[in-house]
Amino acid sequence: MTISIWRYSHLALAISSFIFIIIASITGIILAFEPISNQLQPYSIGSSNNITLAQTIIVLQEHYEEIISIEVDNNDFVSASVITNDGKNETFYINPLTGEKIGEIIEKAPIFKFATNLHRSLFLKSAGRFFVGLISFILFLIAITGILLIIKRQQGIHRFFSKIVKENFEQYYHIIVGRLTLIPILIVAFTGVYLSLEKFSLLPSHTAEHQIDYENIKTTPKKQIKDFIIFNQVTLKNLRAVEFPFSDDPEDYFNVKLSNKELIINQFTGQILSTIEYPFVKLASHWSLILHTGQGSILWSIILGIVCCSILFFIYSGFLMTLKRRKKSSILKNVYSKDKSEYIILVGSETGNTFDLAKIFYNSLLDLNKTVFISELNKYSSYKKAKHLIIFAATYGKGEPPSNAKNFITLLKKNIPIKEISYAVVGFGSLAYPDFCKYAIDIDKTLQSNMLFKSILDLHKINNQSFEAFKNWSLQWSKNTGIPIQLKEPPKKNKSKKESSFSVESRSLLNTDDTFLIRLRSENKISFMSGDLLSFYPENDPIERLYSIGKIDGDILLSVKKHEFGVCSTYFSKLNKNDIIKASIKRNPDFNFPVWATEVIMIANGTGIAPFLGMINTNKKIKSHLFWGGRNEESIELYHEIIQNSIKKNGTAYFYPAYSRVQEKIYVQHLLKRNSSFIAKTLDKKGAILICGSVAMQKEVIAIIDQICQKINHKPLSYYQNKGQLKMDCY
């Protein structure tokens with residue numbers, strides 16, 4: 001079943017019931033405080049596991065004229081209904097060790113009465129109870145479809161708790177909170193349905209009907225209650241209630257209700273006259289009530305309160321995502337029709353984020369007075385005047401198309417172009433997933449197989465909606481087509497964290513690769529690790545720049561390549577000692593050093609070496625191997641001292657350089673191929689591989705490692721990636 005069906009089902013269920021779910025959630029939050037307030041009362045006896053029913057009865061008989069019943073509620077409060085020495089009938093909480101009264105029975109507070117009635121029946125009595133049960137069932141279905149959506153998004157159930165790619169606040173925390181509260185939500189929904197079914201007698205009924213042979217009831221040998229074997233075996237922990245005989249007639253008896261069965265006890269001999277084991281439906285009803293209300297447990301009541309709060313958050317974030325998705329996916333009002341346009345832009349996007357960049361490209365072409373038409377991939381057809389086809393395709397699930405692109409390849413084969421069309425494909429995805437841009441790859445292959453489509457640019461892959469990468473692609477497209485397109489930068493995003501001040505401790509000179517090292521020190525104490533990111537916004541520039549951090553003696557080490565027109569790299573290259581910059585640290589826990597690994601392989605090229613310099617500098621226990629690709633031996637001079645000092649200091653690191661601009665050209669992937677057995681063995685023995693550097697290098701490296709895994713370990717690289725043994729931070 002396609003992802004769209006699950007998403008539409010999830011949305012339809014939420015829309016049809018959200019008002020009632022809001023009411024149930026708010027009243028649920030209120031009711032979560034009731035068992036907490038009850039548990040805080042000083043009536044619980046902690047040693048109920050060791051107190052027997054016989055002990056309690058004996059002390060009560062010493063204090064009161066007659067005992068009518070004893071009950072232990074879900075809070076482990078023991079209450080007794082007795083006739084006092086003054087002849088009064090009273091019910092109160094007792095101390096089962098002393099028999100003394102310790103408090104009056106707790107009355108339900110008015111706010112809890114109101115919330116309970118609203119929560120159970122919406123003040124509509126039986127009709128309301130039915131409707132609440134239906135809403136509970138819908139909530140259960142919403143949770144199930146939500147699970148399926150997460151499994152689809154994460155590319156399989158084995159990656160259910162893997163890293164979530166953060167697109168925006170509501171999307172990220174909708175999934176994070178959903179995963180954390182999944183089981184409690186299912187429990188709340190299921191028990192709500194169960195209790196409603198029980199209310200309407202739709203479950204198998206159970207009535208305890210004891211079969212007692214009254215004619216053969218013995219009255220001898222008469223025993224004292226303290227000598228009743230069963231009363232000495234039953235502890236208050238397992239007792240629910242005991243009803244005392246009304247008279248001295250042999251036909252009257254003790255009715256003892258335990259957690260799993262009901263007993264009839266001869267009042268003279270202590271003999272068990274009848275036993276009825278509770279069926280599953282009876283036990284399920286009891287536990288459904290406990291789990292749905294939180295009675296008897298402060299911790300579970302708090303969890304239920306959190307669950308109700310999370311459901312309110314899901315309603316907010318879910319509808320916000322839907323509104324944003326609809327807004328983003330709504331196509332611009334085209335200035336030109338499809339048959340009058342020379343430039344056709346088609347977009348495939350599951351969340352709508354890809355439309356943001358597609359519309360920037362669309363508007364840029366319009367600014368050049370080009371006839372351009374934009375639409376979804378599912379609306380592909382023939383185009384009379386089309387000269388250029390530009391496809392922006394995101395990937396969803398295991399290399400599958402987004403819901404608005406699932407018919408594209410079929411339509412492509414049916415609608416034959418009128419004349420030759422030049423095309424370019426841009427894939428959007430995340431390197432956190434094994435099938436990075438898989439659907440865009442499929443589209444590119446399909447277009448290549450058709451002689452009427454002419455590629456003017458190789459498939460371009462963009463990680464996490466990077467505008468910088470998109471801008472680089474547009475420059476290549478502009479160069480190949482001769483169209484001087486200028487993209488308008490998107491509005492500056494609000495900075496996610498408050499910026500801190502960092503002083504420059506040192507900056508190296510440019511080496512032969514126009515690369516330099518810069519060392520920064522925070523003026524305030526900030527926690528960070530190698531592999532985290534430094535977020536920096538140049539002055540009057542809306543685009544965030546991220547640099548991988550190496551941690552050296554508490555300082556931040558950055559490796560930066562100066563680009564001719566690079567705003568940020570040029571700025572950094574002119575900084576001097578003691579200069580101050582404003583930036584923030586972004587945690588990147590999925591790329592920190594894997595302390596759980598048996599052995600670690602680090603692979604980098606160029607400036608991607610920075611986080612690994614910090615890792616080998618601090619790692620003193622786990623053997624690590626750094627494979628690095630540069631141009632020539634002069635390229636490594638910038639990092640040589642740090643590498644050698646780390647090797648000498650810790651004795652855990654090994655360095656393998658590859659130089660591509662010398663007589664014998666060697667790239668880092670060639671080194672990996674030469675060490676195939678070692679790499680395969682490392683992964684097989686629960687080691688880890690970390691990759692940092694350019695996406696181009698990453699693509700080649702992934703292909704080589706995948707071949708190694710398939711050939712030697714007979715498993716794809718995705719097998720190890722799903723287990724968290726492959727970590728990447730490429731750009």
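At what angle do helix α3 (residues 110-121) and helix α4 (residues 125-153) pack, and how far apart are their axes? In this predicted model, the two helices pack at an angle of about 70 degrees, and their axes are 6 Å apart. Angles of 65 to 115 degrees count as roughly perpendicular, and α3 and α4 are therefore roughly perpendicular to each other. On the α3 side the contact is made by H119, R120 and S121, which meet K125, G128, R129 and V132 of α4. By class, the residues of this contact of α3 with α4 divide into one nonpolar, three polar and three charged.

**Helix pairs**

| Helix pair | Angle between axes | Axis separation |
|---|---|---|
| α3 (110-121) and α4 (125-153) | about 70 degrees | 6 Å apart |
| α9 (353-367) and α12 (467-481) | roughly 35 degrees | within 11 Å |
| α14 (610-618) and α15 (637-650) | about 25 degrees | 8 Å apart |

Helix α9 passes α12 in a right-handed crossing, and the contact is formed by L357, I360, F361 and L365 of α9 together with F467, F470, W473 and W477 of α12. The residues of this contact of α9 with α12 divide into eight nonpolar, no polar and no charged. An α-helix has 3.6 residues a turn, so residues three or four places apart point the same way. On the α9 side, L357, I360, F361 and L365 are the residues that meet α12.

Helix α14, by contrast, passes α15 in a left-handed crossing. Angles under 35 degrees count as roughly parallel, and α14 and α15 are therefore roughly parallel to each other. In this pair L613, I616, N617 and T618 of α14 meet Y639, I642, I643, S646, K649 and N650 of α15, and the contact has five nonpolar, four polar and one charged residues.

**The antiparallel sheet**

Eight strands form an open sheet with antiparallel pairing, in the order β4-β3-β2-β1-β5-β6-β7-β8. The edge strands are β4 (101-104) and β8 (272-277), each of which pairs on one side only. From one strand to the next, the twist averages 25 degrees. Within this sheet, strand β5 (residues 239-243) and strand β6 (residues 253-258) pair in the antiparallel sense over four bridges, and L239 has L258 in β6 as its bridge partner. Helix α2 (residues 53-63) lies across β1 (66-72), β2 (78-83), β3 (89-94) and β5, and its direction is at about 140 degrees to β1.

**The parallel sheet**

A further open sheet consists of five strands with parallel pairing, in the order β24-β23-β22-β25-β26. Its edges are taken by β24 (653-659) and β26 (726-730), each with a single partner strand, so one side of each is left without a neighbour in the sheet. Neighbouring strands of this sheet are turned by 10 degrees against each other on average, direction ignored. Strand β25 (residues 688-693) runs parallel to β26 and is joined to β26 by five bridges, with C692 standing opposite D729 in β26. Across β22 (600-605), β25 and β26 lies helix α18 (residues 695-713), which runs at about 155 degrees to β25.

**Backbone features around α5**

Where does helix α5 (residues 169-199) bend, and which proline follows? The bend, of about 60 degrees, is at T181, and P184 follows within four residues. Just after α5, S201 takes a positive phi of about 55 degrees. The loop between α5 and α6 (229-233) contains P221, and the peptide bond that joins T220 and P221 is cis, with omega of about -5 degrees.

How values were computed: Residues are numbered from 1 along each chain as its sequence is written. This is a predicted model: local features need pLDDT of at least 70, side-chain atom pairs count only at pLDDT 80 or more; totals for chains, interfaces and linings use all residues. Side-chain values use heavy atoms; hydrogens and water are left out. Axes are lines fitted to C-alpha atoms, for helices over the stretch in contact, and angles run from 0 to 180 degrees between N-to-C directions. Angles under 35 degrees count as roughly parallel, over 145 as roughly antiparallel, 65 to 115 as roughly perpendicular and the rest as oblique. Contact means heavy atoms within 4.5 Å. Ala, Val, Leu, Ile, Met, Phe, Trp, Tyr, Cys and Pro count as nonpolar, Asp, Glu, Lys and Arg as charged, and the others, Gly among them, as polar. Two strands pair if DSSP finds at least two bridges between them. A crossing is left-handed if the near helix is turned anticlockwise from the far one by less than a right angle, and right-handed if clockwise. The bend at a residue is the angle between axes fitted to the seven residues ending there and the seven starting there.
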